[in-house]
Amino acid sequence: MHLTQTKETLNQLVADLSQLSVVVHQTHWYMRGPEFLHLHPLMDKFMDELNDQLDVVSERLITLDGAPYSTLREFADHTGIEDAPGSWDQSTPERLETLVRDYRYLAGVYQHGIEVSGAEGDDSTQDIFIGFKTAIEKKIWMMQAHLGKAPEIDPE
Ligand SMILES: [Fe+2]
């Protein structure tokens, strides 16, 4: 079997899920304002979901004879998600806007994974990608609702 693109995408997701978990953790720590008591613990749940996805994605890659990134340096070198040092000058809505942008990027990587794993005939990995993309889109909906906006999952 030639699962080159599927395995590349799995490892891309290892880097991106690791990075996004850090960005959510920063949001958890640097949050101030009237939403704090609700959103601070909610960010813990978001992190748990990302870390659960990370473990499944990484172990699927290992199952396919791949080698997941496993150092902070590798995650940082390969992720498509930006980070920035923590600061107190961002509002909570601004932080959520950043998370929505990053979650949309992640959903896009999952969509790419769905397409390449389908083309390469790896139904099992495709099944993982489909379920996880659905879960990420649900979080986009929730954050957008909090911001008073429509989900805009499919803007076409
Ligand atoms: Fe905490």
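**Contacts and fold**

Mentor: This is a predicted model. Among contacts in the chain between residues at least 6 apart in sequence, 79% join residues at least 24 apart.

Trainee: How many helices and strands does the chain have?

Mentor: There are five helices and zero strands, so the pattern along the sequence reads α-α-α-α-α.

Trainee: And what is the radius of gyration?

Mentor: The chain has 16 Å, which agrees with the value near 15 Å that a compact globule of 156 residues would have. The C-alpha trace spans about 55 × 35 × 20 Å along its principal axes, and buried residues make up 44% of the 156 residues.

Trainee: Which residues in the largest nonpolar core touch the most other members?

Mentor: Of its 39 residues, these are L20, V24, L99, Y103 and Y110. Helix 1 (4-30), helix 2, helix 4 and helix 5 (123-146) each give two or more residues to this core.

Trainee: What does Y103 touch?

Mentor: Leaving aside residues up to four places away in sequence, Y103 touches L20, V24, F46, L50, I136, K139, I140 and M143.

Trainee: Changing topic, is R95 buried or exposed?

Mentor: R95, which lies in helix 4 (residues 92-119), is buried yet has no salt bridge. The nearest side chain of opposite charge, D89, is 5.5 Å away, whereas a salt bridge requires a distance within 4 Å.

Trainee: Which residues does R95 touch, then?

Mentor: Not counting residues up to four places away in sequence, R95 touches Q26, T27, Y30, S87 and Q90.

How values were computed: Residues numbered from 1 in each chain as written. Predicted model: local features only at pLDDT ≥ 70, side-chain atom pairs only at ≥ 80, totals over all residues. Heavy atoms only, no water. Helix = DSSP H or I, 4+ residues; strand = E, 2+ residues; numbered from the N terminus. Buried < 20%, exposed > 50% of the residue type's maximum accessible area, 1.4 Å probe, protein only. Lys, Arg positive; Asp, Glu negative; His and termini not counted. Contact = heavy atoms within 4.5 Å. Core = buried A, V, L, I, M, F, W, Y, C linked by side-chain atoms within 4.5 Å. Rg over C-alpha atoms; globule rule 2.2 N^0.38 Å.
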